[in-house]
2 protein chains.
Amino acid sequence: VDANGADLGAAEVAEGAALAAAAGTRVLLFGPAAEIGAVPQGVTVVDAPTSIAKQPDPALAVRSTPQASIVQATRAVAEGRADALVSGGSTGAAIAAGVFHVRRGRGIHRPALAVPIPVRGRHVLLLDVGASAEARPEHLVQFAFMGAAFAHAVLGVDRPRVALLSNGAEPGRGTPAVVGAHERLSAHRAGADGMRFEGNVEGTDVLSGVVEVVVTDGFTGNIALKTIEGVSQTVVGAIRDAATASVRGRLGGLLLRSGLRGFREEIDPERAGGAYLLGLRRVGVVAHGRFGRTGFSRAIGVAERAVRERVVERTDAALEAAGALRRASSEHPISVSAPS
Amino acid sequence: VDANGADLGAAEVAEGAALAAAAGTRVLLFGPAAEIGAVPQGVTVVDAPTSIAKQPDPALAVRSTPQASIVQATRAVAEGRADALVSGGSTGAAIAAGVFHVRRGRGIHRPALAVPIPVRGRHVLLLDVGASAEARPEHLVQFAFMGAAFAHAVLGVDRPRVALLSNGAEPGRGTPAVVGAHERLSAHRAGADGMRFEGNVEGTDVLSGVVEVVVTDGFTGNIALKTIEGVSQTVVGAIRDAATASVRGRLGGLLLRSGLRGFREEIDPERAGGAYLLGLRRVGVVAHGRFGRTGFSRAIGVAERAVRERVVERTDAALEAAGALRRASSEHPISVSAPS
């Protein structure tokens with residue numbers, strides 16, 4: 001766990017680690033020991049005061065700052081001293097450090113950042129939400145299998161339904177990448193390999209419950225995710241206005257409060273545990289910088305569950321069975337010199 | 001006005017036309033005379049029973065069906081018998097007929113479909129929401145000027161603030177098209193030419209009120225728009241659940257009802273009058289197929305206002321002043337044969 005970069009400071013992350021440790025997870029915490037203070041039981045603290053969470057170029061910062069807490073935490077995972085990475089700092093630094101040190105899984109084109117969006121008691125997993133800006137068809141195909149394996153193993157969805165996000169439900173709609181991915185995924189409609197491809201969904205159906213995994217490129221996914229956040233805030237704000245505009249409205253708001261408490265908890269991002277970095281050789285969880293201790297402990301819990309449920313191995317097996325792994329020769333051509 | 005393709009039938013569109021006519025707009029209505037029945041005062045009905053609103057390939061249908069109501073309505077606009085097009089049928093057919101018959105404005109690369117999203121008493125204009133799937137930098141630059149001119153002339157926004165939708169606020173974030181458009185638009189930050197470019201916004205800020213015009217490609221814009229619709233429905237549904245789950249909740253819902261009525265009207269799509277087809281030689285308005293008579297009369301009213309406020313001419317002048325018009329030579333190279 002990288003304790004640097006969280007809005008509430010490293011001590012809050014340490015409190016989250018303590019909660020996770022109390023629930024049985026062993027935590028190796030990298031951060032400023034002076035800030036963290038008393039070491040909670042079950043947590044090992046490695047003093048790593050250097051933070052690169054605010055650096056404008058995360059890839060450069062990762063390469064030039066080996067002492068950074070996120071780099072040390074990532075190397076601990078890469079070297080087998082830890083099983084999964086949890087970061088509460090910059091998403092960009094976590095992705096860069098993960099790709100550089102933990103490295104992509106065998107045959108994986110690119111990692112993806114996946115976010116579970118809570119919808120009325122269930123979760124929809126949206127990926128990629130920003131690990132990379134653009135995607136080719138073969139990237140989207142791998143994201144589909146990576147998302148399905150994660151939804152099954154960690155979110156507990158039996159045979160998850162998967163769709164591509166597009167500007168129309170028909171197979172021919174979308175960018176060339178979406179159309180190409182649709183063609184390739186159409187062989188997996190039956191779901192015999194644990195993944196049920198449902199075709200395209202439009203923006204209206206991201207949260208409607210028709211699928212459990214929504215696949216898109218990182219540019220579109222980031223915009224969709226943040227639009228969901230923005231609209232939720234706008235609608236809730238409008239209702240709050242209505243509930244404070246008059247005595248009648250205030251009384252109505254008070255009476256509705258207990259009923260809406262469940263809803264507020266449902267859309268509480270801390271409950272989801274963060275975003276998941278999929279496609280590396282180990283699991284990565286990126287907590288939100290705004291999280292408090294509960295959020296960090298959940299993020300650590302999700303990472304622990306992903307390890308226990310062998311998400312990386314299951315993803316690899318599903319991609320292998322589907323013939324969707326990158327062939328080494330296609331991206332790293334070997335030049336053969338003919339014997340003279 | 002094309003009366004075919006509306007969910008409630010041509011007679012409902014005719015009632016909307018009657019409302020617009022009563023408010024002083026002369027309406028030329030193309031649709032099935034038998035369905036429309038008695039002709040309202042101020043409305044001229046041209047019997048055009050053929051509809052292509054449900055055809056899977058709108059471009060093909062437009063070319064092969066000259067008697068279709070949308071084609072006849074569009075040709076009336078192209079030939080100067082009407083000043084603006086209003087369609088309540090298929091968006092695809094309206095775009096295809098508009099491009100084919102009304103044609104793109106001089107120096108315009110591509111038309112864009114723009115939707116005004118009502119947010120707490122104001123509007124945010126989002127474009128393109130689906131006229132085309134992908135966009136180059138010069139397309140996005142033109143969309144910015146087209147949107148700003150429309151927001152000023154029709155939505156009444158003084159010196160509209162314009163932003164590109166991206167996966168990060170920093171200038172370098174986004175697809176190559178977004179980064180390229182950002183570079184070109186950065187010369188228009190001051191707003192001396194009536195357009196204030198504010199850089200990139202993320203999904204969270206589409207509705208937050210920091211800008212009045214949000215520019216993106218048709219794929220991303222369509223997904224953002226439909227995500228906004230879907231999330232609004234999900235959040236409102238969750239509140240409805242809370243307001244019916246218990247006696248206490250039901251009483252609270254009743255007391256809040258009058259306060260929320262204003263909010264419901266605000267998010268009522270009929271009030272916006274539809275989507276606007278910008279970048280043609282005449283104004284086009286695409287009403288939603290679900291609209292009732294009020295929605296159609298507003299759509300006709302918006303078209304009338306756009307004509308009166310000379311949106312097409314203003315857009316042309318702004319693009320010309322900004323040097324953002326397509327040069328004929330760049331897309332239609334002239335081969336010059338050297339004299340021998």
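This is a predicted model: local features need pLDDT of at least 70, side-chain atom pairs count only at pLDDT 80 or more; totals for chains, interfaces and linings use all residues.

Biologist: Start with the chain. How many helices and strands does chain A have?

Modeller: Chain A has 13 helices and 10 strands.

Biologist: What share of the residues of chain A count as buried?

Modeller: Of its 340 residues, 55% count as buried.

Biologist: Now helix pairs. What describes two packed helices?

Modeller: The angle between their axes and the distance between the axes. Here is a case in chain A. Helix H6 (residues 137-153) and helix H12 (residues 311-322) pack at about 135 degrees, with axes 9 Å apart.

Biologist: How are H6(A) and H12(A) oriented to each other?

Modeller: The angle is about 135 degrees, and roughly antiparallel would need over 145. H6(A) and H12(A) are therefore oblique to each other. Their crossing is right-handed.

Biologist: Which residues meet there?

Modeller: From H6(A) come A:Gln142, A:Phe145, A:Met146, A:Ala149, A:Phe150, A:His152 and A:Ala153. From H12(A) come A:Val311, A:Arg314, A:Thr315, A:Ala318, A:Leu319 and A:Ala322. By class, this contact of H6(A) with H12(A) has nine nonpolar residues, three polar and one charged.

Biologist: Give me a pair in chain B. At what angle do H6(B) and H7(B) cross?

Modeller: Helix H6 (residues 137-153) and helix H7 (residues 176-185) of chain B cross at roughly 55 degrees, and their axes come within 8 Å. H6(B) and H7(B) are therefore oblique to each other. This crossing is right-handed. H6(B) contributes B:Pro137, B:Glu138, B:Leu140, B:Val141, B:Ala144 and B:Phe145. On the H7(B) side, the contact residues include B:Pro176, B:Val178, B:Gly180 and B:Arg184. The contact of H6(B) with H7(B) counts 10 nonpolar residues, one polar and two charged.

Biologist: Next, burial of a whole helix. How many residues of H4(B) are buried?

Modeller: Count the residues with under 20% relative accessible area. In helix H4 (residues 69-78) of chain B, seven of the 10 residues are buried, so this helix is largely enclosed by the rest of the structure. The buried ones are B:Ser69, B:Ile70, B:Val71, B:Ala73, B:Thr74, B:Ala76 and B:Val77.

Biologist: What covers the buried residues of H4(B)?

Modeller: The cover includes strand E1 (27-31), helix H3 (58-64), strand E3 (84-87) and helix H5 (91-102) of chain B.

Biologist: Finally, single residues. Is A:His139 buried or exposed?

Modeller: A:His139 lies in helix H6 of chain A. Its relative accessible area is 2%, so A:His139 is buried. Setting aside neighbours within four places in sequence, A:His139 contacts A:His109 and A:Arg110.

Biologist: What does A:Arg248 count as?

Modeller: A:Arg248 is in helix H9 (residues 247-266) of chain A. With 48% relative accessibility, A:Arg248 counts as partly exposed. The C-alpha atoms of A:Arg248 and A:Ala299 are separated by 41 Å, and these residues are 51 apart along the chain.

Terms used: Residues are numbered from 1 along each chain as its sequence is written. Chains are lettered from A and ligands numbered from 1 in the order in which they are written. Side-chain values use heavy atoms; hydrogens and water are left out. Axes are lines fitted to C-alpha atoms, for helices over the stretch in contact, and angles run from 0 to 180 degrees between N-to-C directions. Helices (H or I, at least four residues) and strands (E, at least two) are DSSP runs, numbered from the N terminus. Angles under 35 degrees count as roughly parallel, over 145 as roughly antiparallel, 65 to 115 as roughly perpendicular and the rest as oblique. A crossing is left-handed if the near helix is turned anticlockwise from the far one by less than a right angle, and right-handed if clockwise. Contact means heavy atoms within 4.5 Å. Ala, Val, Leu, Ile, Met, Phe, Trp, Tyr, Cys and Pro count as nonpolar, Asp, Glu, Lys and Arg as charged, and the others, Gly among them, as polar. Buried means under 20% relative accessible area, exposed over 50%, partly exposed in between (1.4 Å probe, protein chains only).
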